[in-house]
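Thank you all for coming. I would like to walk you through one structure this morning, going slowly enough that anyone new to this kind of description can follow along on the screen.

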Amino acid sequence: MTSADVPPSLAVLRTLLALGVVLIMLATTGWTTIRHRPVSGPSMEAALAAWARERIGDVPPPDPATTPPRTIAAWFAALGPARAEGLAVRHPFVVGNLDGAPPALRYRANRIGLSRALAAERPRLDDPRLSAEGRHEARRRVDRLVSLLEPGRRILAFDPTGTGRAAEVLGDLERARRVSVVVPGVDTHLLTFQKTNGRYTAPVGMARALYEAERRTAPDERVAVIAWAGYTAPARVGVDAATGRLAANGADRLVRLTEGLPGTARVALFCHSYGSVLCGIAAPRLPDRVTDLAVAGSPGMRVETASELRTRARIWAMRDAGDWIADVPHLELGGVGHGADPVAPEFGARLVSAAGAAGHAGYFEPGTQSLGNFAAIGAGAFGRVVCAGADSACRGGISGGTGL
């Protein structure tokens, strides 16, 4: 049946139900105004235009939007270090975000890009045309850029335009045998990439907690963790959070990230809140090296059962008993809502304990069973996973998964 075949009364009912989902979500979580305000400074659009004019000999560089990451990796391998370094200096905002480019080159490019963005942002601190709020935001951006430039930080992605995107690597990405990617949810952008208060509710804090926990869980395993804020997330809870539009765009970026990782490491995705919507949309296109996909505090993954994700990856799910996301309707109507509840037994995920998480934002807090389970999954220590039930059902069928 097409949309044209739907009786008017049924179409009206579906519309009312979809609106009801939005109203319930906003009533239970609060309405916030979506604010993705552009700021002055470097533009990715301008950077891409300059990249397209570049020539290596008489040959243009690969198109970042259409060239597969593996092809980009091979192109850089043939290019040689001197030419690659020159591209990083001339085009830091492109090379620094180019999946498939060598990680060390991306780190180098992003340090250049961060320095240029900082130089463009600092004059705004004393700009008399800015309101007090504008100057406060400029100060926050300057502080964030300075922090990202601290020695030793490995910034895998940095896009300063709009509200900003970023990604950071903890550990040695090129030598790792297991790589974990933290995929955060709403209100993720450059200024919330890391926090002093509520440290473990921000991508950097989440990733650092997971990295340390994985190292404790499997001291002999070579692990790396990526704090990934590489997509435009909904600004708090609002209409964008009730639909999959931003998640679909983010899914494209997540797929390219996983395709472009170096080496042959196994990859696990840890998707929180709206990030699990993104991971659900990305799932059918993820490369086979993604072996595990874990969601926490999920509003849904845009499917009714885990099998509909059409991925070989193991699907894990957890939710704290006090997480407000349980009150959000787990259904999808007319593009509104995100489908079935991943912790419902009939969904078919491996259900693991979230004890100690204390609500929607506490899943990565040190000392919680939720973080311990994430670490065991990411490090491949499946025998240490604590299932949500009294038995070991969540570890069934995994080599080494039943012995504690």
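Let me begin inside the protein, with the largest cavity, whose lining is made up of D99, G100, A101, P103, R106, L156, L173, L257, G260, L261 and P262. Please keep in mind throughout that what you see is a predicted model, and that every value I quote has been computed from it. If you sort the lining residues of the largest cavity by class, you find seven nonpolar, two polar and two charged.

The partner is α7, residues 132–148, and the axes of α6 and α7 come within 10 Å of each other while crossing at roughly 155°. Why do we call this pair roughly antiparallel? The angle between the two N-to-C directions is over 145 degrees, which is the cut-off for that term, and so α6 is roughly antiparallel to α7. The crossing of α6 past α7 is left-handed. On the α6 side the contact is made by R111, L114, A117, L118 and E121, and on the α7 side by A138, R141, V142, L145, V146 and L148. Divided by class, the residues of this contact of α6 with α7 are eight nonpolar, no polar and three charged.

The next pair is α8, residues 203–217, with α12, residues 369–379, and here the axes come within 8 Å and cross at roughly 65°. Angles from 65 to 115 degrees count as roughly perpendicular, and α8 and α12 are therefore described as roughly perpendicular to each other. Their crossing is right-handed. From α8, the residues A209, L210, A213, E214 and T217 meet L371, F374, A375, A376, G378 and A379 of α12. The contact of α8 with α12 contains eight nonpolar, two polar and one charged residue.

In the loop between β3, residues 178–183, and α8 we find D187, whose phi is near 65°, a positive value in a residue other than glycine. Where does R310 lie? Its place is in the loop between β6, residues 290–296, and β7, residues 314–318, and R310, although not a glycine, likewise has a positive phi, of about 55°.

Notes:
Residues are numbered from 1 along each chain as its sequence is written. This is a predicted model: local features need pLDDT of at least 70, side-chain atom pairs count only at pLDDT 80 or more; totals for chains, interfaces and linings use all residues. Side-chain values use heavy atoms; hydrogens and water are left out. On a 1 Å grid over the protein atoms alone, a cavity is a set of points where a 1.4 Å probe fits but cannot get out, and a pocket is an open set with protein on both sides within 12 Å along at least five of seven lines; lining residues have an atom within 4 Å of a point. Ala, Val, Leu, Ile, Met, Phe, Trp, Tyr, Cys and Pro count as nonpolar, Asp, Glu, Lys and Arg as charged, and the others, Gly among them, as polar. Axes are lines fitted to C-alpha atoms, for helices over the stretch in contact, and angles run from 0 to 180 degrees between N-to-C directions. Helices (H or I, at least four residues) and strands (E, at least two) are DSSP runs, numbered from the N terminus. Angles under 35 degrees count as roughly parallel, over 145 as roughly antiparallel, 65 to 115 as roughly perpendicular and the rest as oblique. A crossing is left-handed if the near helix is turned anticlockwise from the far one by less than a right angle, and right-handed if clockwise. Contact means heavy atoms within 4.5 Å.
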